[in-house]
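Have the viewer open as you read.

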Amino acid sequence: MWDSRVTAGVGLLGLGLWLSTAAPAQADDLSTQVDQASQAAAAATMATMAPAGTGNVDERSCSFRGIRLAGKVKVVDSFPDIRVKAVPSFPDLKVKRVDAFADDCGEWQFVDSFPDFKIQYVDSFPDVEVAWVDSFPGIP
C-alpha cells in the first residue's frame, strides 16, 4: 500500500510539474489570442462610434446651429457665422463649389454681397470641418 501511495504521489508530482511547464505556454497563447480579439473588437467599435469631423453638424437638417449649410457664402476675416477648417478626410460636410443654384446640402456659391452665411477659415478649433469635392456633396 505504501508503494502505491508513493507511486501515486510521484505521478501527481510529475503531472503537476508537466502542467506547470505546459500551462504557461498555452496560457500565453490564449492570452495573446484574447488580446488580439479584444483589440480588433475595440477598433471595430471605435470605427463605428467615432463621429466624422467635429460632430457639430445636424445630419437630418444639414445645419450648424440653425444655419443651413447650403447657399451663398461669404469668406470673412472676422465675425463669421461659422469657423471652417478644410481637411482631406473625415469631414463633417463634403462641399462642392457651384456658380449658381446652391440649393442642396453642401453646395456653396461664393459671393461678395448678400450671403446666406459667413465663414472664416481657421487652423484650430473649427465649428465645421469640410472636404472639397467635385461630386456628391453633403453629409458623408
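Rings of Phe, Tyr and Trp, the last by its six-membered ring, count as a pair if their centres lie within 6.5 Å; planes over 60 degrees apart make the pair edge-to-face. By that rule, a search of the whole structure turns up 4 aromatic pairs. Please keep in mind that this is a predicted model.

**Rings**

| Ring pair | Centre to centre | Angle between planes | Geometry |
|---|---|---|---|
| Trp-108 and Phe-110 | 6.3 Å | 70° | edge-to-face |
| Trp-108 and Phe-117 | 5.5 Å | 75° | edge-to-face |

Why does the pair of Trp-108 and Phe-110 count as edge-to-face? Their planes stand at 70°, and because edge-to-face asks for planes over 60 degrees apart, the pair qualifies. Ring pairs also bring in Trp-132, so that Trp-108, Phe-110, Phe-117 and Trp-132 are linked into a cluster.

Phe-110, at 29% relative accessibility, is partly exposed.

**A charge over a ring**

What sits over the ring of Trp-132? The charged end of Arg-97 does, 4.3 Å from the ring centre. Arg-97 belongs to strand β5 and, with 53% relative accessibility, counts as exposed, since the cut-off is over 50%. Along the chain Arg-97 and Trp-132 are 35 residues apart, while their C-alpha atoms are separated by 7.8 Å.

**Charged side chains**

How many salt bridges does the structure hold? It holds 1, formed by Arg-83 and Asp-127, whose closest N and O atoms are 3.0 Å apart. The pair links distant parts of the chain, with Arg-83 in strand β4 and Asp-127 in the loop between β7 and β8, 44 residues apart. Arg-83 is partly exposed at 35% relative accessible area, whereas Asp-127 is buried at 7%.

Glu-107, in strand β6 (residues 107-110), is another matter. Glu-107 is buried yet has no salt bridge.

In soluble globular proteins, nonpolar side chains tend to be buried together. Here the largest nonpolar core has 16 residues, and those with the most contacts inside it include Leu-69, Leu-93, Trp-108 and Phe-117. Strands β4, β5, β7 and β8 each give two or more residues to this core. Setting aside neighbours within four places in sequence, Leu-93 is in contact with Cys-62, Leu-69, Trp-108 and Val-130, among others.

To step back, the protein chain has 1 helix and 8 strands, following the pattern α-β-β-β-β-β-β-β-β along the sequence. Of its 140 residues, 26% count as buried. Among contacts with a separation of 6 or more, 79% come from residues 24 or more positions apart.

Technical notes. Residues numbered from 1 in each chain as written. Predicted model: local features only at pLDDT ≥ 70, side-chain atom pairs only at ≥ 80, totals over all residues. Heavy atoms only, no water. Core = buried A, V, L, I, M, F, W, Y, C linked by side-chain atoms within 4.5 Å. Buried < 20%, exposed > 50% of the residue type's maximum accessible area, 1.4 Å probe, protein only. Helix = DSSP H or I, 4+ residues; strand = E, 2+ residues; numbered from the N terminus. Contact = heavy atoms within 4.5 Å. Lys, Arg positive; Asp, Glu negative; His and termini not counted. Salt bridge = Lys/Arg side-chain N within 4 Å of Asp/Glu carboxyl O. Phe/Tyr/Trp six-rings, centres within 6.5 Å; stacked < 30°, edge-to-face > 60°. Lys NZ or Arg CZ within 6 Å of the ring centre and 35° of its normal.
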